[in-house]
Amino acid sequence: MQTLVICIDRDNDLGEKANVITPIIGREDNIDAAVKLATADPEDSDSNTIFGGVNVLDELLAKGLDAQIITFAGDKNVGVISDQKISSQLDAFLSENEITNAIFISDGAEDETLLPIVQSRIKIDSVKRIVVKQSANLESTYYILKNALNDPKISQTFFVPLGLAALIYAIFLLARYPEGAIIGISAAIGMYMLYRGFNLDQPFALLRERMKDSFYEGQMTFVTYTIAAILGVIATMIGAVTLWQYHITGGSWYYGIVTLITVFINVTIWWYVIAILFADIGKMVDQKISESFTIKEVSPALFIIAIGLLFWGASTYILSVSAFTGDTASNELSLQYFVYSVVGAILIALLGIKISMTSPSSEKLPKKGKGKTKK
């Protein structure tokens, strides 16, 4: 039976700053890694965490207990990616060693978010938090603010909105349209707040990792995802230019906010649909190359086309009956378009449902006459 002293470096400062590969097993190796990290960045608390783990290990060994220390590191993209790396390292170690219990060493609440992950694999007897003692001079407000603003996590949250607002204001001043700066700044800050509020950091980090892997592995998804991103930017620019033209001619007070939003959807929907289809086709090509493709992979593409038909038909009909065109003669034709789009979307969706319900085993069944013949 062995007690494991676990130290966690969730944001991989050991790898980023000290070029140390984890997991780090054993007392001497952990001390060496902590010294390297403290030399590279004396203010990093992870080195103190390792030294705290070594201290706990020495106490256990002095009592005659069988103990070992190990340090796991995640990734600079703190969240799903870093936690998955730590989990895989822990699983690999536990599969090769018989560990009955563990002591968890942390330097704060961030590392302790890994507790449920560790507890799901091994019994935790104790949690020890390492608190660094500082002198009164270092605890001054200036020092705290200076170090906080040097932290990339805090500086990105604080400086990005301010820098974005200043940049937009400068652009509108150069364009001699200062009134539009309020609109641009409000839209940019609103989008940033939604981005942070919905915690989109993790999806974008996963997408970045996936793009990097597809690039180095020579997959088609890298090219098709790039094409999809370009088409998405083009669609957004087309919609923005169209809205700007109607804004300078009549303004939102004349057309109405709902009508302008419908215009944006109507002129961009097929661009977005084609962009998503490109990304999906690249995924299917890679699956075909790796021989893991099944006919069920076609279903999402059909559902995307069905949704595109619905949005296009609905937006076309709404624009025809609104004050946007003022042409009542086209109402009947646009209503037909809407009905056709609904019917077409339903048929395409039913086809997608039928394909998605296809049994994977039925695709691999041998054809009649290809089996063994009776004697």
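Phenylalanine 215 comes out as partly exposed, at 47% relative accessibility. The classes here are buried for under 20% relative accessible area, exposed for over 50%, and partly exposed in between, with a 1.4 Å probe and protein chains only. Tyrosine 216 is exposed, because its relative accessible area is 67%.

Before going on, the basis. This is a predicted model, where local features need pLDDT of at least 70 and side-chain atom pairs count only at pLDDT 80 or more, while totals for chains, interfaces and linings use all residues. Residues are numbered from 1 along each chain as its sequence is written, and side-chain values use heavy atoms, with hydrogens and water left out.

Back to the rings. A pair of aromatic rings is described by the distance of the centres and the angle of the planes. Rings of Phe, Tyr and Trp (its six-membered ring) pair if their centres lie within 6.5 Å; planes under 30 degrees apart are stacked, over 60 edge-to-face, and the rest tilted. That rule gives 4 aromatic pairs. One is phenylalanine 215 with tyrosine 216, edge-to-face, at 5.3 Å centre to centre and 75° between the planes. Phe215, Tyr216 and Phe222 make up one aromatic cluster.

Another pair is tryptophan 312 with tyrosine 337, which is tilted because the planes are at 45°, with the centres 5.7 Å apart. Tryptophan 312 sits in helix α14 (residues 299-321) and tyrosine 337 in helix α15 (residues 331-356), so this pair ties together parts that are 25 residues apart in sequence. Helices (H or I, at least four residues) and strands (E, at least two) are DSSP runs, numbered from the N terminus. Tryptophan 312 is partly exposed at 25% relative accessibility, and tyrosine 337 is partly exposed at 35%.

Next, the backbone. Most residues other than glycine have a negative phi, and most peptide bonds are trans. Which residues are joined by a cis peptide bond? Threonine 22 and proline 23, with omega about 5°. Proline 23 is in the loop between α1 (13-18) and β2 (24-25).

Asparagine 12, not a glycine, has a positive phi of about 60°. Asparagine 12 lies in the loop between β1 (3-9) and α1, and is buried, at 14% relative accessible area. Glutamate 291 also has a positive phi, near 60°. Glutamate 291 is in the loop between α13 (257-289) and α14, and is exposed at 76%.

Asparagine 101 is in strand β4 (residues 101-106) and is buried, with a relative accessible area of 16%. Its side chain makes a polar contact with the side chain of aspartate 125, at 2.3 Å. A polar contact is a pair of N or O atoms within 3.5 Å; within protein, one must be able to donate a hydrogen and the other to accept it, and residues adjacent in sequence count only if both atoms are side-chain atoms.

Last, the second largest pocket. Its lining has 24 residues, with Ile183, Gly184, Ala187, Ala240 and Trp244 nearest the centre. A pocket, on a 1 Å grid over the protein atoms alone, is an open set of points where a 1.4 Å probe fits, with protein on both sides within 12 Å along at least five of seven lines; lining residues have an atom within 4 Å of a point. α11 gives the most to this lining, with 8 residues.
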